[in-house]
Amino acid sequence: MEIICTITGIINTHHPKQGITDLINAGFSNLLLDFSRFCPPEELENIGISSKKSHAVTAPIISQTPEKLGEVVAPLLTHYQSCHLQTPVAQAPYLRANTRQVNLTSLLLSLYKESIHICGQAGCQFLIIPPLFSGIDKRDRWKINKDFYLRLLPTAKEDHVTILLENQCGDINGHLTRGVCSDPQEAAFWVDELNREAGEERFGFCMDVGICNLCGQNIQEFVLTLGNRIKAVVLRDCDGHKESSWLPFTYSGFERCGTDWLGLIRGLRKIGFDGELILDFSTTATAFSPFLRPQLLNLAKATGEYFRWQIGIENLLKTYKSRVLFGAGNMCRNYMKCYGEAYPPLFTCDNNAKLWGTSFCGLEIKAPQCLRELPTDCAIFICNVYYREIEQQLRDMGIGNPIEFFSDEFMPSFYFDRLERRE
């Protein structure tokens, strides 16, 4: 799983050095190649619309001459390459949900072909291309989009780029509704049919969690329906009512997160997701002072790592041939309930001397000193909220084994009769 950072609110495309430096210092090595930064939706929609003052076309040259896109993007890509930054995923230019433009198909086709070429040259594996929707009757969506995506197929094959469809919101007089590919069954059908026509897996899906939240959908069900068609996930928080991109876990109301992260992580674990995690916190980044953004980026990187850890917890367990647990409480019990059979621990240990020599969930409880006798490749999974404190305790004891954290926040199931702390 790669963590990919969006650049809106962080990198000024005309003066990118400071933003790039901040991202590198925070530990990011993968960035989203966002073509919409060079061809914004509001400018796309101004094609052919005259200004009241000058009666001149207000859209920029890039929107009128798509072949210029590569020239405009090149300086930023050069900066990325000189700093050894990768761009595994790109975002194609797109139209806003409330657009009234209905005659931009030819322009979008040219822009997307040029975007694919740039991705091929930059070593970018995936390009997110949203479905067409403006001015299209619902009954004709699949037919028109099928023809549109298949016209992009030869270019995608030539440049070895996989096209990712994305779930969309609709807009009816300012009210957000479920748009194209917001229904997971529809999205799965589209991807499968396009791949069947392609004769290979040249299409996939990018799941935007913010859109799922705005559409009021069951996020876990969405993930499970699409399964391994999902190649990328956009992680962003919002209030469920209006478009925004907050850093995950930072939007909350009534002491609850605005997004069902529990459902997302459970679903991604279930399908064995190992794709791209795209962190979009552009609303948060834009709201922060430039002087505070370096600290925000550190938090964003830690948030991305947290998702990678939580989603890939089972893969982490598979890494080790043997393991023991530290802690004989609720987390240990949830571990044994969810993973004890597939990845059985040798034993567990606890700092409470009264428990030594007894058993818990079928495991013998030993003293921490017993960990010194473990083979060096046996991992210790800390099943306790005081992770850092216990890790330091073990290191101070001279234990050099791999130490991992185990959290029961997103387990497939819980025990609701929580154990009281035993002194």
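User: Why is N384 called partly exposed?

Analyst: The model is a predicted one. N384 has a relative accessibility of 24%, and the partly exposed class lies between the buried limit of under 20% and the exposed limit of over 50%. N384 therefore counts as partly exposed.

User: Where is N384 placed, and which residues is it in contact with beyond its neighbours within four places in sequence?

Analyst: N384 lies in the loop between β17 and α15 (387–396). Beyond those sequence neighbours, N384 is in contact with F326, M331 and I390, where contact requires heavy atoms within 4.5 Å. As for E276, 108 residues away in sequence, its C-alpha atom is 29 Å from that of N384.

User: What makes D377 partly exposed?

Analyst: The relative accessibility of D377 is 48%. Exposed would require over 50% and buried under 20%, so D377 is assigned to the partly exposed class. D377 belongs to the loop between β16 (363–366) and β17.

User: Which residues is D377 in contact with, apart from its neighbours within four places in sequence?

Analyst: They are Y320, S322 and N401. Y320 is 57 residues from D377 along the chain, and the two C-alpha atoms are separated by 7.5 Å.

User: What makes strand β13 covered on both faces?

Analyst: In β13 (residues 323–326), R323 and L325 are on one side, V324 and F326 are on the other, and all are buried. Each of them thus meets the criterion of under 20% relative accessible area.

User: How do you know that β13 pairs with β17 and with β14?

Analyst: Pairing requires at least two bridges. β13 and β17 (residues 379–382) have four, in the parallel sense, and the bridge partner of R323 in β17 is A379. β13 and β14 (residues 348–349) have two, also in the parallel sense, with F326 opposite C349 of β14.

User: Which strands pair with β8, and in what sense?

Analyst: β5 (residues 162–166) pairs with β8 in the parallel sense over four bridges, and L164 stands opposite G204. β9 (residues 230–235) runs parallel to β8 and is joined to it by four bridges, with V234 as the bridge partner of D208.

User: What is the order of the eight-stranded sheet, and which strands are its edges?

Analyst: The order is β1-β12-β9-β8-β5-β4-β3-β2, an open sheet with parallel pairing. The edge strands are β1 (2–5) and β2 (33–34), since each pairs on one side only. β2 is joined to β3 (residues 89–91) by two bridges, and these strands run parallel. In that pair, A90 of β3 is the bridge partner of L33.

User: Are C83 and C338 buried, exposed or partly exposed, and why?

Analyst: C83 has a relative accessible area of 31%, and C338 has a relative accessibility of 22%. Buried would require under 20% and exposed over 50%, so C83 and C338 are both partly exposed.

User: Finally, how many helices and strands does the protein chain have, and what does its C-alpha trace span?

Analyst: The protein chain has 15 helices and 18 strands. Along the principal axes, its C-alpha trace spans about 85 × 45 × 45 Å. Of contacts between residues at least 6 apart in sequence, 72% join residues at least 24 apart.

Terms used. Residues numbered from 1 in each chain as written. Predicted model: local features only at pLDDT ≥ 70, side-chain atom pairs only at ≥ 80, totals over all residues. Heavy atoms only, no water. Buried < 20%, exposed > 50% of the residue type's maximum accessible area, 1.4 Å probe, protein only.
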